Amino acid sequence: MFTGIVEELGEVVAVEQLEDASRFRLRGPLVTEGAQHGDSIAVNGVCLTVVEFGDGEFTADVMAETLKRSSLGALAVGSRVNLERPMAVGGRLGGHIVQGHVDGTGTILERTPSEHWELVKVGLPAHLSRYVVEKGSITVDGVSLTVVEVADDWFTISLIPTTLDLTTLGIKQSGDPVNLEVDVIAKYVERLLGTDAKENEK
């Protein structure tokens, strides 16, 4: 369980392409403090398992399913990434409930800078549109954010200087992909009401 409050701006150190997976080595001195084999660390909002660690770095295996559903496959040596450790029991829930299970990817469409903040427009896949509401929460590359405005195929988010400085959202350009995770509570409500994605897409 995560909160979407990014702890550290890390970096991809190495990428090993396997037959149907990839192995990433990432630098993150803060998130690897006290790390153990099998721990979870969110990388751009994707929950990954620590395989190896040491000297401020950790290695994680990324399976084909994760590569298909997220933008991690586009990472290369030198890519900057958002890192977050799981929420500690008894800690403050600073963002919202984030599982690190990416629902799909979007694309940065526009960036509109202002004096103290920046408005970013993100393309929204059709199958996720019903879960995104104005003033609701969404996770973009692992960052918990509030939706400013939403349409059928896009939404906007407002980024404060801290978010621009301390996460990859400050360096993403128009056309860049981002990982999206919608509010899991909305998906449970939909399921409990007896509807599902396949029915809504008819």
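Modeller: Buried means under 20% relative accessible area, exposed means over 50%, and partly exposed lies in between (1.4 Å probe, protein chains only). The model is predicted: local features need pLDDT of at least 70, side-chain atom pairs count only at pLDDT 80 or more, and totals for chains, interfaces and linings use all residues. Residues are numbered from 1 along each chain as its sequence is written, and side-chain values use heavy atoms, with hydrogens and water left out.

Biologist: Thanks! Is valine 31 buried or exposed?

Modeller: Valine 31 sits in the loop between strand S2 (21-27) and strand S3 (40-43); helices (H or I, at least four residues) and strands (E, at least two) are DSSP runs, numbered from the N terminus. Contact means heavy atoms within 4.5 Å, and, not counting residues up to four places away in sequence, valine 31 touches Glu7, Glu8, Ile41, Phe58, Leu83, Glu84 and Arg85. Its relative accessibility is 2%, so valine 31 counts as buried.

Biologist: How many strands does the protein have, and how many helices?

Modeller: Happy to count them for you. The protein has 13 strands, and its helices number four.

Biologist: Why does the protein count as compact for a globular protein of its length?

Modeller: The radius of gyration is taken over C-alpha atoms, and the globule rule is 2.2 Å times the number of residues to the power 0.38. For 202 residues that rule gives 17 Å, and the protein is as compact as a globular protein of that length because its own radius of gyration is close to this, at 17 Å.

Biologist: What share of the contacts with a separation of 6 or more joins residues 24 or more positions apart?

Modeller: Along the principal axes, the C-alpha atoms fill a box of roughly 45 × 45 × 40 Å. Within the protein, buried residues make up 42% of the 202 residues. Of the contacts with a separation of 6 or more, the share from residues 24 or more positions apart is 70%.

Biologist: Which residues does arginine 69 touch, leaving out those up to four places away in sequence?

Modeller: Arginine 69 belongs to helix H1 (residues 64-69) and is partly exposed, with a relative accessible area of 42%. Not counting residues up to four places away, arginine 69 touches Val102, Asp103, Gly104 and Thr105.

Biologist: And glycine 78: which residues is it in contact with, leaving aside neighbours within four places in sequence?

Modeller: Glycine 78 lies in the loop between H1 and strand S7 (80-84). At 35% relative accessibility, glycine 78 counts as partly exposed. Leaving aside neighbours within four places in sequence, glycine 78 is in contact with Glu11 and Val12.

Biologist: What is the phi of aspartate 55?

Modeller: Aspartate 55 is in the loop between strand S5 (52-54) and strand S6 (57-63). At 81% relative accessibility, aspartate 55 counts as exposed. Although aspartate 55 is not a glycine, its phi is positive, at about 55°.

Biologist: Lysine 135 has a phi of what value?

Modeller: The loop between strand S9 (118-123) and strand S10 (137-140) holds lysine 135. With 57% relative accessibility, lysine 135 counts as exposed. Lysine 135 is a residue other than glycine, and its phi is positive, near 70°.
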